[in-house]
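Visitor: I would like to learn how to read a structure like this one. Please take me through it feature by feature.

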Amino acid sequence: MAVMRDRPYTQFNFLVDVGTGDPDGLDGGFERVTGLESWVDTIEYRNGNSKENSPIKLTGLNRVSDVTLERGQIGSLSLYQWFNDIRNGNQNSLRTVTIALQNEDHTEIAMTWRLLRARIIKYSAPDLNAKGNDVAIEEIVIGYERLEIE
């Protein structure tokens, strides 16, 4: 449930549960989450005998954008195995992914986003560079059907 306060929350205290039920597990240690968006299409319609020379707007389909999750490579194969289940056609592999924003002292969940009927639609291995000293970041893109906010 969303928690109101006068000051905005900071963006760096969040948990991700990729549908396993364990946001504190290794799969939940993500560095970045982007693309949490939902919108409703509008349809313009005008009757031919309408007195107004402008269309009315009707509510269309609800749409959501894909969400990108990035984390440091930790040697875990669980995300790849989920991706492999999806690409092999396992319809039981759809999950509910939960992203929870915490307050600064990690004692309370300020807001939660739920991605319903989610699946990995893209897996990207980290870039490797022998001259660099950056963390190896792997990336997954989640496609889902509905966004709910609590």
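Visitor: How many residues does the largest nonpolar core have, and which have the most contacts inside it?

Guide: In soluble globular proteins, nonpolar side chains tend to be buried together. This is a predicted model. Its largest nonpolar core holds 21 residues, and Leu69, Trp82, Leu115, Ile142 and Tyr144 have the most contacts inside it. At least two residues of this core come from each of β5 (67-72), α1 (78-87), β6 (95-102), β7 (109-124) and β8 (137-143).

Visitor: With which residues is leucine 115 in contact, leaving aside its neighbours within four places in sequence?

Guide: Among them are Leu36, Val67, Val97 and Ile99, together with Ile142 and Tyr144. The list also includes Arg95, Thr96, Arg146 and Leu147.

Visitor: In what order do the elements of the chain run?

Guide: Read from the N terminus, the order is β-β-β-β-β-α-β-β-β-β. The chain's radius of gyration is 20 Å, well over the 15 Å that the globule rule gives for 150 residues, so the chain is more spread out than a compact globule. Along the principal axes, its C-alpha atoms fill a box of roughly 70 × 45 × 35 Å.

Visitor: What share of the 150 residues is buried?

Guide: Buried means under 20% relative accessible area, and 29% of the 150 residues are buried. The accessible surface of the chain is about 10100 Å², with 48% of it belonging to carbon and sulfur atoms.

Visitor: How many positive and negative side chains does the chain have?

Guide: There are 16 positive and 23 negative side chains, and the centres of the two sets are 8 Å apart.

Methods
Residues numbered from 1 in each chain as written. Predicted model: local features only at pLDDT ≥ 70, side-chain atom pairs only at ≥ 80, totals over all residues. Heavy atoms only, no water. Core = buried A, V, L, I, M, F, W, Y, C linked by side-chain atoms within 4.5 Å. Buried < 20%, exposed > 50% of the residue type's maximum accessible area, 1.4 Å probe, protein only. Helix = DSSP H or I, 4+ residues; strand = E, 2+ residues; numbered from the N terminus. Contact = heavy atoms within 4.5 Å. Rg over C-alpha atoms; globule rule 2.2 N^0.38 Å. Areas by Shrake-Rupley, 256 points an atom, 1.4 Å probe, with all protein chains shown as cover. Lys, Arg positive; Asp, Glu negative; His and termini not counted. Charge placed at Lys NZ, Arg CZ, Asp CG, Glu CD.
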